[in-house]
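I opened this model to look up its pockets and its nonpolar cores. My notes follow in the order I took them.

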Amino acid sequence: MAMRAAILRHIRIPVRSYALEFKPRELNLSGGSLMRFMSSHDEHLTKEEVVERVLSVVKSFPKVDPSAVTTDVHFQKDLGLDSLDNVEIVMALEEEFKLEIPDLEADKIDSTGLAIEYIYNHPMAG
Amino acid sequence: MASAAAKSPTRLEVLSLFRSLLRTAHEFSDYNVREYTKRRTIDGFQSNRSLSDQQSISAAYANGKEQLAIVKRQAVIYSLYAPKVKSIMELKSV
């Protein structure tokens, strides 16, 4: 027992104090990449990837004319869909990005622009 | 029986029922049943789009809610006996 104590006395692990600097996350919505200083999710989706996948989901919808789909097209006004189709598209986006969008938010997603913005800002988008 | 005082479902409730049905359909482990449920809900809601009198709307809504309960139970039962091999339609590349 005494030897154990003697050994332990000799083994010292230095205690280092890290000066943690809390920098607020900068949200750059104009197309740049998100700067997250202490995030463990390093593989966040890039804006281009989100745009591409959202557009491909919308284009593969049977009632949609693919050539009319741009990054800011309104589902009901420009593509001539109705609210049921809107729900269907949001469900398809949920499946594509493995998200679960609450009803209140899902009702507001009316155009590709809003969908891209919502998914890009969602931390769990995959 | 639906009484005369039964409130007609609001637009939001109908959309919420639609969404619940599609979400529950997504939980099926069997590809065929999943696709069928999605197709059937979409067709059912689309064919009832133009209903205008309150009683048929309430009846359709009540029917939808029953079907939702059925789909939820069936999703659980199907998951108990999930097939070990994925359907070929689910494989992205063959």
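I began with the lining of the second largest pocket, which divides into 17 nonpolar, twelve polar and four charged residues. The model is predicted. I then looked up the volume of this second largest pocket: about 830 Å³. It is lined by 33 residues, and Thr41(B), Gly44(B), Phe45(B), Asn48(B) and Ala60(B) are the closest to its centre. α3 of chain A and α1, α2 and α3 (54-80) of chain B each give two or more residues to this lining. I noted that α3(B) gives the most, with ten residues.

Next I turned to the largest pocket. Its volume is about 990 Å³. I found 23 lining residues, with Ala92(A), Glu95(A), His26(B), Glu35(B) and Lys38(B) nearest the centre. By class, I read off eleven charged, nine nonpolar and three polar residues. Which element gives the most to this lining? It is α2(B), with six residues. At least two residues each come from α2 and α3 of chain A and from α1 (11-26) and α2 (31-47) of chain B.

Last, I checked the cores. The largest nonpolar core has 28 residues, and Val50(A), Val54(A), Val58(A), Leu79(A), Leu93(A), Phe97(A) and Ile119(A) have the most contacts inside it. In chain A, α2 (47-59), α3 (83-97) and α5 (112-121) give two or more residues to this core. α2(A) gives the most, with six. I followed Val54(A): leaving out residues up to four places away in sequence, Val54(A) touches Leu93(A), Phe97(A), Ala115(A), Ile116(A) and Ile119(A). Another core, of 16 residues, lies apart from the largest one and includes Leu17(B), Phe28(B), Ile42(B) and Val71(B).

Terms used. Residues are numbered from 1 along each chain as its sequence is written. Chains are lettered from A and ligands numbered from 1 in the order in which they are written. This is a predicted model: local features need pLDDT of at least 70, side-chain atom pairs count only at pLDDT 80 or more; totals for chains, interfaces and linings use all residues. Side-chain values use heavy atoms; hydrogens and water are left out. A nonpolar core is a set of buried Ala, Val, Leu, Ile, Met, Phe, Trp, Tyr and Cys residues joined through side-chain atoms within 4.5 Å. Buried means under 20% relative accessible area, exposed over 50%, partly exposed in between (1.4 Å probe, protein chains only). Helices (H or I, at least four residues) and strands (E, at least two) are DSSP runs, numbered from the N terminus. Contact means heavy atoms within 4.5 Å. On a 1 Å grid over the protein atoms alone, a cavity is a set of points where a 1.4 Å probe fits but cannot get out, and a pocket is an open set with protein on both sides within 12 Å along at least five of seven lines; lining residues have an atom within 4 Å of a point. Grid points are joined across faces, edges and corners, and a volume is the space filled by probe spheres set on the points. Ala, Val, Leu, Ile, Met, Phe, Trp, Tyr, Cys and Pro count as nonpolar, Asp, Glu, Lys and Arg as charged, and the others, Gly among them, as polar.
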